[in-house]
Each structure stands twice: as structure tokens, then as C-alpha cells.
Amino acid sequence: MKYVRKKSNPRRKDSLLDVYVWFYTGCILVIVGSIATVIGPGVKDPVIRTINTEIPAVGISMIFLTYNHTIALVTFIAATAIITLILLRAIVRLEEMGAEL
Amino acid sequence: MYPFLDLVNLTTVSAGIALIGTAGIIMLPKPIDKVIMLGILEAGFIGMIVAAKYLDVAMAGAIFDPISTIIMLIAITKINEIREKKIKSQEEGFFA
């Protein structure tokens, strides 16, 4: 009995479950991270807001992973690192100049 | 026999780690704690990529994520120094 069930659909349920776990975790991360970036705790500080921005980036990467968009995934990971560099550099520079952030 | 043991695979454990990291980033107030929890979130994400068997993408992610963490740590220490200097110069009566 167990052998027959294993032969009829060897990995089908597991792989579908995997895809749904990726997609729903990505959706949760995008929505919750976006709300936390707008009205999260301590978000007056621009550094904290920039770190909160990383959560929707990871969520969108998980949605790319669900649809097998590999090159978009690699490009988005690299672009997120470079955007973080530029944003934090700009924030430090403005704080150094004493601007109202 | 144990149906919930089917849930213990790399995808589900990575999703749990990513959700724990998300909750930590949102709840913890200090930036250093946020950077540590961001490390946990990225660890869950890389586990999820490995569960999808895209090992080359996992390699690229494993290279780019510590770069982002190092940039954040440098920015946090620098902005902390600037704010301390500002507070000190205000206490001494100078304008920053």
C-alpha cells in the first residue's frame, strides 16, 4: 500500500507545498515589511527606516523564486545591496552636514 | 504515523526562520539588534533558495548579503559618532 502510493505520486504533494510556502511567505514579508516601513516603531530615525526596507526586498525575492525568475532574482539581490550602500551613505552625509532629515 | 513530521523540511524551517527574523527586525528598537535580525532573515532566504535547488543564485546571495551587513554596520557606527559629537558640542555651548 505504501509502495503504491509512493509510486503514483512520488514528490508531487511536497513540491506543491514548497511552492505555496515560498509564495505565501513572500507575500507576508512584503505586506508586513511595507507597513512596518511606514508606521513601524522608532521609524523617525532614517537608519531604522532603511533597515526596515530590507524586509520587502527579501519578500519580493521569494516571489521571484516562486516563478523561477532566476536572473531577476540575482539582479535584484545585487541591486538591493547597492541601493543600501547609496542610501546609507546619503543619510550619513546629510547628518554630517546637519540637515533636517 | 507522524503526519506533522512531513512539515519538517528545508522549505518550512527556512520560512520559520525568515518569519522570526522579520518579527525581530520590526519589534527590536536598536539598529544593532536590527542588523543581527536581518542576518537571521537572510539566512532563512538563502535556505529557501537552496530548497529550490538554485545553488548558483544561493552563491550570489551569500556573497552579496554580508556586503550589505558590513555597509550597515559602518553607517551605524559613523552616524552614532556624529550624533555623539553633536550632543557634546551642544553641551559645551558651540554650534555644530
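The crossing of α1(B) and α2(B) is left-handed, a label given when the near helix is turned anticlockwise from the far one by less than a right angle, with right-handed used if clockwise. The axes of α1(B) and α2(B) come within 8 Å and cross at roughly 160°. The two helices are therefore roughly antiparallel to each other. This is a predicted model: local features need pLDDT of at least 70, side-chain atom pairs count only at pLDDT 80 or more, and totals for chains, interfaces and linings use all residues. Residues are numbered from 1 along each chain as its sequence is written, while chains are lettered from A and ligands numbered from 1 in the order in which they are written.

- Axes are lines fitted to C-alpha atoms, for helices over the stretch in contact, and angles run from 0 to 180 degrees between N-to-C directions.
- Angles under 35 degrees count as roughly parallel, over 145 as roughly antiparallel, 65 to 115 as roughly perpendicular and the rest as oblique.
- From α1(B), the residues making the contact include Leu10(B), Val13(B), Ile17(B), Gly21(B) and Ile25(B).
- From α2(B), they include Lys34(B), Leu38(B), Leu41(B), Phe45(B) and Met48(B).
- Contact here means that C-beta atoms, placed from the backbone, lie within 7 Å.
- By class, the residues of this contact divide into 16 nonpolar, seven polar and one charged.
- Ala, Val, Leu, Ile, Met, Phe, Trp, Tyr, Cys and Pro count as nonpolar, Asp, Glu, Lys and Arg as charged, and the others, Gly among them, as polar.

**Chain B overall**

- Chain B has three helices and zero strands.
- Helices (H or I, at least four residues) and strands (E, at least two) are DSSP runs, numbered from the N terminus.
- The radius of gyration of chain B is 20 Å, well over the 12 Å that the globule rule gives for 96 residues, so chain B is more spread out than a compact globule.
- That radius is taken over C-alpha atoms, and the globule rule is 2.2 Å times the number of residues to the power 0.38.
- Along the principal axes, the C-alpha atoms of chain B fill a box of roughly 75 × 30 × 10 Å.
- Buried residues make up 27% of the 96 residues in chain B.
- A residue is buried if 20 or more other C-beta atoms lie within 10 Å of its own, exposed if 12 or fewer, and partly exposed in between, with C-beta atoms placed from the backbone.
- Of the contacts in chain B between residues at least 6 apart in sequence, 45% join residues at least 24 apart.

**Interface of chains A and B**

- In the interface, 34 residues of chain B are in contact with 36 residues of chain A.
- On the chain B side, α1 (10-27), α2 (31-51) and α3 (55-91) each give two or more residues.
- The largest share of that side, 13 residues, comes from α3(B).
- The chain B side has 27 nonpolar, five polar and two charged residues.

**Chain A overall**

- Chain A has five helices and zero strands.
- Buried residues make up 29% of the 101 residues in chain A.
- Residues 24 or more positions apart account for 54% of the chain A contacts with a separation of 6 or more.

**Helix pair α4(A) and α5(A)**

- These helices pack at an angle of about 170°, with their axes 9 Å apart.
- α4(A) and α5(A) are therefore roughly antiparallel to each other.
- Ala57(A), Ile60(A), Ser61(A), Phe64(A) and Leu65(A) in α4(A) meet Ala72(A), Leu73(A), Phe76(A), Ile77(A) and Thr80(A) in α5(A).
- This contact has eight nonpolar residues, two polar and no charged.

**Asn52(A)**

- Asn52(A) sits in helix α3 (residues 46-52) of chain A.
- Asn52(A) is buried, with 24 other C-beta atoms within 10 Å.
- Asn52(A) and Ser34(A) are 18 residues apart in sequence and 8.1 Å apart in space, C-alpha to C-alpha.
- Leaving aside neighbours within four places in sequence, Asn52(A) is in contact with Gly33(A), Ala36(A), Thr37(A), Gly40(A), Val43(A) and Ile25(B).

**Positive phi in loops**

- Asn68(A) lies in the loop between α4 (54-66) and α5 (70-97) of chain A.
- Phi of Asn68(A) is near 60°, a positive value in a residue other than glycine.
- Asn68(A) counts as exposed, with 11 C-beta neighbours inside 10 Å.
- Lys53(B) lies in the loop between α2 and α3 of chain B.
- Lys53(B) is not a glycine, yet has a positive phi of about 65°.
- Lys53(B) is exposed, with 8 other C-beta atoms within 10 Å.

Terms used. Two residues are in contact if their C-beta atoms, placed from the backbone, lie within 7 Å.
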